[in-house]
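I opened this notebook page to record a look-up of charged side-chain pairs. The structure is placed below for reference.

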Amino acid sequence: MIRNAEESIMDLTYQKEIHITEEHIDKNHHVNNVQYVHWVEEIAGEHWDSLKHKTEFAEFAWILVDHHIQYKKQVFLNDVITVKTYPKPPEGIKQPRKVEFYCKDKLVVDSDTLWVLVDLKTQKIKRLESDWLDNIFEES
């Protein structure tokens with residue numbers, strides 16, 4: 001079956017659940033906005049760690065260069081959120097990534113980020129081929 005790029009990328013979705021505890025709550029009694037930024041970086045790293053062995057870039061690192069986040073609803077102590085992330089089609093040297101946070105099946109936070117891949121030995125940005133994500137999918 002021939003798949004389009006969008007279907008392939010969606011198959012690269014990674015997700016996890018987070019149980020909200022006191023450490024996530026701010027003085028306004030909801031999850032602190034800065035906590036979401038931390039989770040965006042954390043889940044992107046976890047996702048890459050689960051995929052990098054399928055690439056020739058296992059020794060490279062992703063660096064966050066742009067981050068947009070929209071807070072739609074508040075989340076409170078003892079709530080459970082589902083965090084989903086997936087890469088979007090590359091844009092030149094930048095790799096877009098979507099991160100979505102759901103609570104009770106409602107989108108509560110939406111994040112779009114741009115990353116660059118850096119060769120840790122040379123400290124240079126690696127330009128990826130536009131179809132590099134297809135190669136990961138083929139090996140999944």
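Entry 1, basis. I worked from a predicted model, in which local features need pLDDT of at least 70, side-chain atom pairs count only at pLDDT 80 or more, and totals for chains, interfaces and linings use all residues. Residues are numbered from 1 along each chain as its sequence is written, and side-chain values use heavy atoms, with hydrogens and water left out.

I looked for salt bridges (a side-chain nitrogen of Lys or Arg within 4 Å of a carboxyl oxygen of Asp or Glu). The whole structure holds seven salt bridges.

I found Glu46 in a salt bridge with Lys16, at 2.9 Å from N to O. Because Glu46 lies in helix 2 (residues 33–51) and Lys16 in strand 1 (residues 14–19), the pair ties together parts that are 30 residues apart in sequence. Helices (H or I, at least four residues) and strands (E, at least two) are DSSP runs, numbered from the N terminus.

I noted Glu46 as partly exposed, with a relative accessible area of 25%. Here buried means under 20% relative accessible area, exposed over 50%, and partly exposed in between (1.4 Å probe, protein chains only).

I found Lys98 and Asp112 joined by a salt bridge of 3.2 Å, N to O. Lys98 belongs to strand 4 (residues 95–103) and Asp112 to strand 5 (residues 106–119), so their pairing ties together parts 14 residues apart in sequence. Lys98 is buried at 10% relative accessibility, whereas Asp112 is partly exposed at 30%. Salt bridges with shared partners link Lys88, Lys98, Asp110 and Asp112 into one network.
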